[in-house]
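Below are my notes on the model, as numbered points. Please read them with the structure open.

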Amino acid sequence: MKFNDLFGGLVFLALAGLVAFASWNLPNPSQQPLGPSAFPLILSGLLALCAAILAVGGARATQGGPLIGLADWARSGSALARLLLVPAAVIFYMLFAETLGFLVCAPLILVVLFLAGGTKPLLAIGLSLAAALVIHSIFYLALGVQLPWGPLEPLRW
């Protein structure tokens, strides 16, 4: 899918506006001159500036062409199915992570995504298990973030 820079600039400009709106009235419990809203407001201003530059450049280059165009690969039904696997995986994780645990959900999701991408089955299984263990170790051991264990709770280390 190809997006004209005008379209992208307008989307990022809207995003900058949303960030500025959301951060404008953040409470400042310490009454410091630069409260918690300062950094998001600065970032939203910079994002708006970059978005405006992008949109103006896109408007100059448009010359009557479409704002959004589909690439050849995007017209394929199998490509669309592979694309929809990613949000489906996120929804699967949201629904089953507490029940099955991270160390069960993550490899299942990764195996499906790897296989959909054309990875060989044994390699997909190995990479999925290794990635899930590394990610869990980083979050649990290094960062102290509790990920759901599910039925593997008795094996908690």
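1. Helices (H or I, at least four residues) and strands (E, at least two) are DSSP runs, numbered from the N terminus. With those terms, α3 has a kink of about 40°, and the kink is centred on Met-94.

2. On provenance, this is a predicted model, in which local features need pLDDT of at least 70 and side-chain atom pairs count only at pLDDT 80 or more, while totals for chains, interfaces and linings use all residues. Residues are numbered from 1 along each chain as its sequence is written, and side-chain values use heavy atoms, with hydrogens and water left out.

3. The protein chain is assigned domain 1 (2–69) and domain 2 (73–155); such bounds come from an automatic or database domain assignment. Taken over C-alpha atoms, the centres of domain 1 and domain 2 are 32 Å apart.

4. Accessibility next. Buried means under 20% relative accessible area, exposed over 50%, and partly exposed in between (1.4 Å probe, protein chains only). In α3, the buried residues are Ala-79, Ala-89 and Ala-97. Their cover includes α4, where contact means heavy atoms within 4.5 Å. Just after α3 comes Gly-101, with a positive phi of about 90°.

5. What lines the largest pocket? A pocket is defined on a 1 Å grid over the protein atoms alone, as an open set of points where a 1.4 Å probe fits, with protein on both sides within 12 Å along at least five of seven lines; lining residues have an atom within 4 Å of a point. The lining consists of Ala-89, Val-90, Tyr-93, Met-94, Phe-102, Ala-106, Ile-109, Leu-110 and Ile-135. Both α3 (77–100) and α4 (102–116) give at least two residues to this lining.

6. The largest pocket holds about 180 Å³ of space. Grid points are joined across faces, edges and corners, and a volume is the space filled by probe spheres set on the points. By class, the lining has nine nonpolar residues, no polar and no charged. Here Ala, Val, Leu, Ile, Met, Phe, Trp, Tyr, Cys and Pro count as nonpolar, Asp, Glu, Lys and Arg as charged, and the others, Gly among them, as polar.

7. Is Ser-23 buried or exposed? Ser-23 belongs to helix α1 (residues 5–24) and counts as buried because its relative accessible area is 4%. Apart from neighbours within four places in sequence, Ser-23 contacts Ser-37, Pro-40 and Leu-41.

8. The loop between α1 and α2 contains Leu-26 and Leu-34. Leu-26 is partly exposed, because its relative accessible area is 36%. Beyond neighbours within four places in sequence, Leu-26 touches Pro-36 and Ser-37; its C-alpha lies 5.7 Å from that of Ser-37, 11 residues away in sequence. Leu-34 has 67% relative accessibility and therefore counts as exposed. Leu-34 and Leu-15 are 19 residues apart along the chain, with 23 Å between their C-alpha atoms.

9. Two further positions can be checked. Gly-57, in helix α2 (residues 38–62), is partly exposed because its relative accessibility is 35%. Its C-alpha is 47 Å from that of Val-104, 47 residues away along the chain. Leu-155 sits in the segment after α5 (121–142) and is exposed, because its relative accessible area is 60%. From Leu-155 to Leu-49 the C-alpha distance is 51 Å, across 106 residues of sequence.

Notes:
Bend = angle between axes of the 7 residues up to and from the residue.
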